[in-house]
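Subject: Structure handover and what was found in it

Dear colleague,

Please find below the structure I promised to pass on. I would be grateful if you could look through it with the notes that follow beside you.

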Amino acid sequence: MKFIIDFLDKQTKTFIVLLGTLIVLLVTIADYRAGRGIFSFLIYYLVPVFLVSWYVDRRWGLLMCALAAFGWLLSDLRAE
């Protein structure tokens, strides 16, 4: 775990935002493909929000939150 934290500490803010966006995209695709089931992907949408909020700032964290909510909405609309 320390390796990951050290790696993220050395990255630029742009890289962290792009990494968060990629994580949201991957979680949305996985959630979309899984459909409704026992396994909920909700907690995984919080990972990029936390990542960007911690390493960049709250404004970018809010933007990532909106992106994650949109991805979650898209995957849930498919499941209905």
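Predicted model: local features only at pLDDT ≥ 70, side-chain atom pairs only at ≥ 80, totals over all residues.

Overall architecture

The protein chain has 4 helices and 0 strands, so that, by the DSSP runs used to assign helices and strands, its elements read α-α-α-α from the N terminus on. Taken along the principal axes, the box filled by the C-alpha atoms of the chain is roughly 40 × 25 × 15 Å. The chain has 80 residues, of which 28% count as buried, and its accessible surface comes to about 6000 Å², with 71% of that area belonging to carbon and sulfur atoms. Among the contacts in the chain with a separation of 6 or more, 67% are accounted for by residues 24 or more positions apart.

The N-terminal region

Met 1 is found in the segment before α1, the helix that covers residues 2-9, and Met 1 counts as exposed because its relative accessibility is 75%, where the cut-off for exposed is over 50%. Together with Phe 3, Ile 4 and Ile 5, Met 1 makes a nonpolar surface patch of about 490 Å².

The search of the whole structure finds 1 salt bridge, and the side chains of Asp 6 and Lys 2 meet in a salt bridge with an N to O distance of 3.4 Å. Asp 6 and Lys 2 are separated by about one helical turn, because they are 4 residues apart in helix α1. As for their accessibility, Asp 6 is partly exposed, with a relative accessible area of 31%, whereas Lys 2 is exposed, with a relative accessible area of 60%.

Leu 18 belongs to helix α2, which covers residues 13-34, and Leu 18 counts as exposed at 55% relative accessibility. Although Leu 18 and Val 52 are 34 residues apart in sequence, their C-alpha atoms are 9.3 Å apart in space.

In helix α3, which spans residues 42-55, we find Pro 48. Is this residue buried or exposed? Pro 48 counts as buried because its relative accessibility is 1%, and the cut-off for buried is under 20%. If residues up to four places away in sequence are not counted, Pro 48 touches Gly 20, Ile 23, Val 24 and Met 64. The C-alpha atoms of Pro 48 and Arg 33, by contrast, are separated by 20 Å, with the two residues standing 15 positions apart along the chain.

Ile 43 also has its place in helix α3, but Ile 43 counts as exposed, at 53% relative accessibility, whereas Pro 48 counts as buried. Between the C-alpha atoms of Ile 43 and Val 27 the separation is 10.0 Å, and these residues are 16 apart along the chain.

Helix α4

Leu 73 is found in helix α4, which runs over residues 58-79, and Leu 73 is partly exposed, with a relative accessible area of 45%. Leu 73 and Trp 60 are 13 residues apart in sequence, and from C-alpha to C-alpha they are 20 Å apart in space.

Conventions. Residues numbered from 1 in each chain as written. Heavy atoms only, no water. Patch = residues over 30% accessible without salt bridge, like charges linked within 9 Å, V, L, I, M, F, W, Y side chains within 5 Å. Areas by Shrake-Rupley, 256 points an atom, 1.4 Å probe, with all protein chains shown as cover. Salt bridge = Lys/Arg side-chain N within 4 Å of Asp/Glu carboxyl O. Helix = DSSP H or I, 4+ residues; strand = E, 2+ residues; numbered from the N terminus. Buried < 20%, exposed > 50% of the residue type's maximum accessible area, 1.4 Å probe, protein only. Contact = heavy atoms within 4.5 Å.
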